[in-house]
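Colleague: Could you take a close look at one part of this model for me, and then follow it outwards to what surrounds it? I would like to see how the pieces connect.

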Amino acid sequence: MSTYDLIIRNGTIATASDVFKCDIAVRDGKIVQMGEKLSGAGREIDASGKYVLPGGIDSHVHISQPSGAGIVMADDFETGSLSALFGGNTTLMPFCLQERGVPLRETLKHYHAKAEGQCYTDVSFHLIVCDPTDAVLGQDIPALVADGYTSLKVFMTYEDLRLDDAAILKTLDVARQSKATVMVHCENEDAIRFLVEKHELSGNVKPLAHAQTRPVAVEREATHRALSLAEIVDVPIVIVHISNGQAMDELSRARSRGVKVLGETCPQYLMLTADDLDGMDWEGAKFVCSPPPRTEAEQKECWTGIETGIFDLFSSDHCPFRFDDPQGKLNPKGKTNFRHIPNGIPGVEVRQPILFSEGFLKGRIDLPRFVALTSTNHAKTYGLYPRKGTLSIGADADIAIWDPEEKHTIRHADLHDGSDYSPYEGIEITGWPTTVILGGKVMVDDGKLTGKKGDGQYRPATTHA
Ligand code: DUC
Ligand code: ZN
Ligand code: ZN
């Protein structure tokens, strides 16, 4: 009988605070020993020359989410989690979208049914609240938070999803009382509608108009308002998918007033610009997401936020639609008017490799900061820490082994999601997670799938302190 199920030997370990060399021993799905020259395992992996990191946690992904009449998301839980796994992730946090009139518990049941037995990574859910009735706020949310659904997302844009300020205040107040975490999508819907009408009247309906009708001011104003509402209620919030320096400035100012706010950005704001939406003919539809990618100057601002600590979270905002598909970007109406192009782009598999290559290997951030931005801070923010998000005795053995020399050119053909393109096609990456371990089970072994659909489990979250 072996003492351990698995030993990972000779690797360079990194957590959000330290980089050091040691062996890691795993038993019954947990890390049980970290030290020198461990022995006695059923299997050993030699990680010489490799980095051994906590499995990535992507806390902002959309999977199998209803997206309007005739539109279908490109990923279900099988393909979405498989793609995530190959990108070095071991936990995903998708959204459960409440449809108006449907109780949140009912919504959750559907998502659990979609995920059950399908996942290659662990999952934990956020709730999108778009119908905050008295019953939802007074009974449903507190009970659901107690059951492990401890994060809520609210939208300030999209006619059928957005909450007005009164509803946001009430939702924030319930979150404060129940110690839930609120994520806010900050864009001013009235301003967008005003601009969309003008663009349509002038016949400017190509994909680039998506970016032109959602300028920085639309996001900056809503970010300021969300932060002010959180300040009034006195509750921590997360501002998701920040795309520009002016919204970042709002965060910094709010922090200096004592508002507890976490900031998230995503690969599209580091790697893409609005010019991509102006691609040949309707190719620009491949890059339509909200907020839209901006300018090279704003990319630099976002890199500064990654480097200096304005951002706490780096997520993919994976929201995949097929491009050349009547149920995707090129749906019959989307082919003729940007307003009908579904918002969102795929990215769950390349999120970490992009930050590893462009951020860590290019010297913009160190390895602990990479780990914090891609894993630890997600677990801490959304109630999965210390079970997830770190390498320590007693934590789940969710581990990604990175080869810092492996080179890839991003090609959708090599990825595992259900879309038919990657917005990052052709980008050259150095460093890739070649072996991925979930709860002690080797799921990807030197680039080959060894895990099974259903190995990933649902994990409830705890509330913040
Ligand atoms: N908001 C998101 O969070 N994801 C994709 C689209 C959107 O508007
Ligand atoms: Zn959003
Ligand atoms: Zn999103």
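Modeller: W402 is buried, with a relative accessible area of 1%; buried means under 20%, exposed over 50% and partly exposed in between, using a 1.4 Å probe and protein chains only. F370 is buried too, and its relative accessible area is 1%.

A word on the ground rules. This is a predicted model, so local features need pLDDT of at least 70 and side-chain atom pairs count only at pLDDT 80 or more, while totals for chains, interfaces and linings use all residues. Residues are numbered from 1 along each chain as its sequence is written, chains are lettered from A and ligands numbered from 1 in the order in which they are written, and side-chain values use heavy atoms, leaving out hydrogens and water.

Now to the rings. How many aromatic pairs does a search of the whole structure find? The search finds 12, where rings of Phe, Tyr and Trp (its six-membered ring) pair if their centres lie within 6.5 Å, planes under 30 degrees apart being stacked, over 60 edge-to-face and the rest tilted. One of them joins F155 and Y158 in a tilted arrangement, 5.7 Å centre to centre with 50 degrees between the planes. Another joins F370 and W402, edge-to-face, with 5.6 Å between centres and 85 degrees between planes. F370 sits in helix α12 (residues 367–381) and W402 in strand β17 (residues 399–409), so this pair ties together parts 32 residues apart in sequence. Helices (H or I, at least four residues) and strands (E, at least two) are DSSP runs, numbered from the N terminus. Ring pairs also extend to a cluster made of Y51, F356, F360, F370 and W402. In the loop between α12 and β17 you will find P386, which a cis peptide bond joins to Y385, omega being about 5 degrees.

Elsewhere, rings meet charges: the charged end of R364 sits over the ring of W303, 4.0 Å from its centre. K153 likewise lies over the face of F95, 5.1 Å from the ring centre. To count here, NZ of Lys or CZ of Arg must be within 6 Å of the ring centre and within 35 degrees of the ring normal.

K153 leads us to the ligand. Which residues surround ligand 1? They are H60, H62, K153, F155, Y158, H185, H241, S290, D317, C319 and N343, each with a heavy atom within 4 Å of the molecule.

A polar side-chain atom of Y158 is 2.3 Å from an oxygen atom of ligand 1. On H62, a polar side-chain atom lies 3.0 Å from a nitrogen atom of the ligand, and for D317 the distance to a ligand nitrogen is 2.8 Å. Taken alone, ligand 1 exposes 240 Å², of which the protein buries 96%; these areas come from the Shrake-Rupley method with a 1.4 Å probe, and for residues only the protein chains shown count as cover.

Two surrounding residues open onto further details. The peptide bond from S290 to P291 is cis, with omega near -10 degrees, and P291 belongs to the loop between α9 (268–271) and α10 (296–308). N188 is buried, with a relative accessible area of 16%. A polar atom of the N188 side chain lies 3.0 Å from the backbone nitrogen of D190. Leaving aside residues up to four places away in sequence, N188 touches M156, V218, E221, A222 and R225, contact meaning heavy atoms within 4.5 Å.

Methods: Polar contact = N/O pair within 3.5 Å; in protein donor to acceptor, adjacent residues only side chain to side chain.
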